Amino acid sequence: MADMEVMLSLSGVTKIFNAGTVNEKVAMNNLSLDVNKGDFITVIGGNGAGKSTLMNAVTGVFGIDEGKITLDGIDLTHMSENRRAKYFGRVFQDPMMGTVPNMEIQENLALAFRRGKSHGLKWGITAAEKRLYREQIARLGLGLEDRMSAKVGLLSGGQRQAITLLMSTLVRPKMLLLDEHTAALDPKTAEKVLALTDEIVGEDSLTTLMVTHNMRNAIDYGNRLIMMWDGKIILDISGEEKKKLTVEALLGAFSKASGSEFSNDRTLLS
Amino acid sequence: MIATITAGVSQGFIWAMLALGVYISFRLLDFADLSCEGSITLGASIAAMLIWKGMNPFLASLFAFLGGCIAGSVTGILATKLKIPPILAGILTMISLYSINIHIMSFATGTAGTANLQLLKYSKKTIFGIIRRLTGLDKTYAALIVGAVAAIAVIFILYWFFGTELGCTIRATGSNEKMCRAQGINTDTTKIIGLAISNGMIALSGSMICQNQNFSDVNMGVGAIVIGLASIIIGETIFMRAKNFALKLFGIVIGSVIYRVVVAVVIYSGMPSTDLKLMTAIIVMVALSLPMIKTYLFSKKRKHSKKMNTPEVQKNG
Ligand SMILES: Nc1ncnc2c1ncn2[C@@H]1O[C@H](COP(=O)(O)OP(=O)(O)OP(=O)(O)O)[C@@H](O)[C@H]1O
Ligand SMILES: [Mg+2]
C-alpha cells in the first residue's frame, strides 16, 4: 500500500543518562518504532516512561547511545539539532518554551517561517509575510490578528500555545511532535488547542506524534496509540482496535504488560 | 557651568557606544559579558598605536572595532564551544586582554611593558583633530559633533542589523534559546556574532575615548560595565514606554549623556573623581533593586486589596 510508507523509523535506540554513575537511567531501552506517513500517533505512559526522551532523541536535543533514527529515508542519527529542525514542527509542554517573549507575534511567525533556512542580511520580515501571518493568526479565532505587533510575552499561556502550534506548521514539516502541549492549559483552553491541533493535522494529513497524559484524548484522537513504560513501547494499537478502546481496557493492558499499576499523577481518567 | 555640561554631553555621546555594546550583550543576548572591560582598552590601545604609527584615524578606529569583534568572538567561543560559564569566559578574555593591550602599546613605543600611550604629539592626527582643523571648532564642540554623529550612525546601523533575519535570530537567542534551536538556529553562532558586535562597539567607544583624551591607559576599562549598565538603566527608565527598537537605542544614548552630565556636575561641585566609581556602583545598585522594592510594595498592596475583594471573587466564581 502506498500510504504505508515509513516516515520515521527508530531501530534499537538506547539512551542512557548519567551512564556509569549512581544516577544512571536507561531512558530508552533498545526501542524500535516505525511511524507511517500520515500516522497520527498518541503516546501515553507514566512519569519517567521516556516519552519526552523519545521526542528529544528524534529531534536531536541530545545524541543517542545506540541504534539508528531515520526520517523519510534520511539518516538523522548523527545530525545536529539545528540541522534537523527543518524537518520537525515542535510544541513543548511549557507554553513559554515555543515562542520568543521579547519579540512581536509577527516576528515570532517570521522566525518559524524561516525554520531551518540560513539567516542572512535581508530584512527579517516582509510586508507580504505580514499579511500572510495576519490571515493565519485570524484562523485561531482568538482576536490576535489585530495585535500582530504585540510582544508575545504579554499573551496568556493558551494564546501562546496556539501561536506555537501555528508556528510549528507554518512551513509544512515532515513531522509534527507535540509533547503534552495542552498539559499546562486550563481544561477549556486545552480543549480548544486540541481541536485546533486535530484540524491542522487533518488538513495536511501531517505525520504526528502527540504525547498526552489524558487517556481519553489519547483514545479519541489519532489513528494509532502507543504506550511507553520504562523506556520501552509496551503497547501499540491502531485501526479498528483503537477505536474500540476504553480507558479501563487501556489501564488493564498497562498492568498486564508492565506488571505494575499505572502511575501518573496527572492522568485524567475522565 | 555651561561648559561643564557641554563637556559632559560630548563625553556622553562618545561613551554611548560602550553603553550600546553592553546593551547588546546584557539585554539582547542576556549574556553578562565582562570582557567589555578589556575590549574598551583594546580599542583605545589599537587606535593609539596605529595613529602613533601614522595611520589614518578613521581606519585606525575601524581596526579598533575589528579588534573588539575578535575579542568578543573569543569570549563567545569559550562560552559556547568550550562550555565555559559566561562570566568566567568574559573574565578570561578580559585578563588576557590586559597583557595583550600592554603588548600593543609597547609595539608603538618599542619599550616592553608600556602601560599607557600619550597621543598629545599626534592630537592633530586624531578624528577630533581632523574635524577641528576642518571646521575650526573648539575641542568640546568637535567632540560633541563627532560623538553625536557617530552615535546616530550607530543607532541606524544597529536598528538595521537587528531587523535583518540574522539580527532577529540574535535577539531571539537571548530571549528563548531552546526555541531557537527548535527553529534550526545555531545558537552558538548567534551568540558569537552578537558578542563580536557588542565588543566591537565597545572597542570603537574605547578608540573614540582615547582619541578625545589623547591617551590610552591599560586601566582605563576598569568599571566600564557598570558605567554601561548605569547608562542603560537611566535610558530605559526615561524611555520606559518606548516600543520602537531605534527609540530604545536612542534612549540608551540619552542615558549615557545624562550619566556623563551628572558625573561632570558632581566633579565640578568638588567630589574627588576617585569616588566616581563608588557613586556609579551605588546608582546601579539602587536602580537594579528598584523592581524588587516595587514588587515588595505592590505585593503588600495586593494582599490588602485581595482581602477586600474576596467576597466578590467568590460570587463570580
Ligand atoms: N536530561 C536528562 N538528564 C538525566 N536524566 C534525564 C534527562 N531527561 C530525562 N531523564 C530521565 O529519563 C527518564 C525518562 O524521562 P522522560 O522525560 O522521557 O519521561 P516522560 O515519559 O516524558 O515523563 P513525564 O510524563 O514526567 O513527562 C526519567 O527517569 C528522567 O528522570
Ligand atoms: Mg515528558
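Some ground rules. This is a predicted model, where local features need pLDDT of at least 70, side-chain atom pairs count only at pLDDT 80 or more, and totals for chains, interfaces and linings use all residues. Residues are numbered from 1 along each chain as its sequence is written, chains are lettered from A and ligands numbered from 1 in the order in which they are written, and side-chain values use heavy atoms, with hydrogens and water left out.

Let's stay with chain B. Its domain assignment gives domain 1 (2-270) and domain 2 (273-317). Such bounds come from an automatic or database assignment. The C-alpha centres of these two domains of chain B lie 33 Å apart. Eleven residues of domain 1 are in contact with nine residues of domain 2, contact meaning heavy atoms within 4.5 Å.

Now the area. Domain 1 and domain 2 of chain B bury about 870 Å² between them. Of that, 88% is on carbon and sulfur atoms. Buried area is the accessible area (1.4 Å probe) that two parts lose on being put together, summed over both. V226(B), I233(B) and Y259(B) supply 40% of what domain 1 buries against domain 2, more than any other three residues.

The rule also finds two residue pairs in polar contact across this domain interface, both at pLDDT 80 or more. A polar contact is a pair of N or O atoms within 3.5 Å; within protein, one must be able to donate a hydrogen and the other to accept it, and residues adjacent in sequence count only if both atoms are side-chain atoms. On the domain 1 side, α10 (224-238) and α11 (245-268) of chain B each supply at least two residues. Helices (H or I, at least four residues) and strands (E, at least two) are DSSP runs, numbered from the N terminus. By class, that side has eleven nonpolar, no polar and no charged residues. Ala, Val, Leu, Ile, Met, Phe, Trp, Tyr, Cys and Pro count as nonpolar, Asp, Glu, Lys and Arg as charged, and the others, Gly among them, as polar.

Next, chain A against chain B. The contact takes 29 residues from chain A and 22 residues from chain B. The buried area is about 2300 Å², and carbon and sulfur atoms give 59% of it. H119(A), L121(A) and W123(A) supply 24% of the area that chain A buries here, more than any other three residues.

How many salt bridges cross between chain A and chain B? Three. R181(B) forms a salt bridge with E81(A), with the closest N and O atoms 3.2 Å apart. On the chain A side, α2 (81-84) and α3 (105-113) each supply at least two residues. The largest share, four residues, comes from α3(A). By class, this side has twelve nonpolar, ten polar and seven charged residues.

Finally, two single residues. S198(B) lies in helix α9 (residues 187-213) of chain B. Is S198(B) buried or exposed? Buried, because its relative accessibility is 0%. The cut-offs are under 20% for buried, over 50% for exposed, and partly exposed in between (1.4 Å probe, protein chains only). I234(A) sits in strand β10 (residues 232-238) of chain A. At 18% relative accessibility, I234(A) counts as buried.

Conventions: A salt bridge is a side-chain nitrogen of Lys or Arg within 4 Å of a carboxyl oxygen of Asp or Glu.
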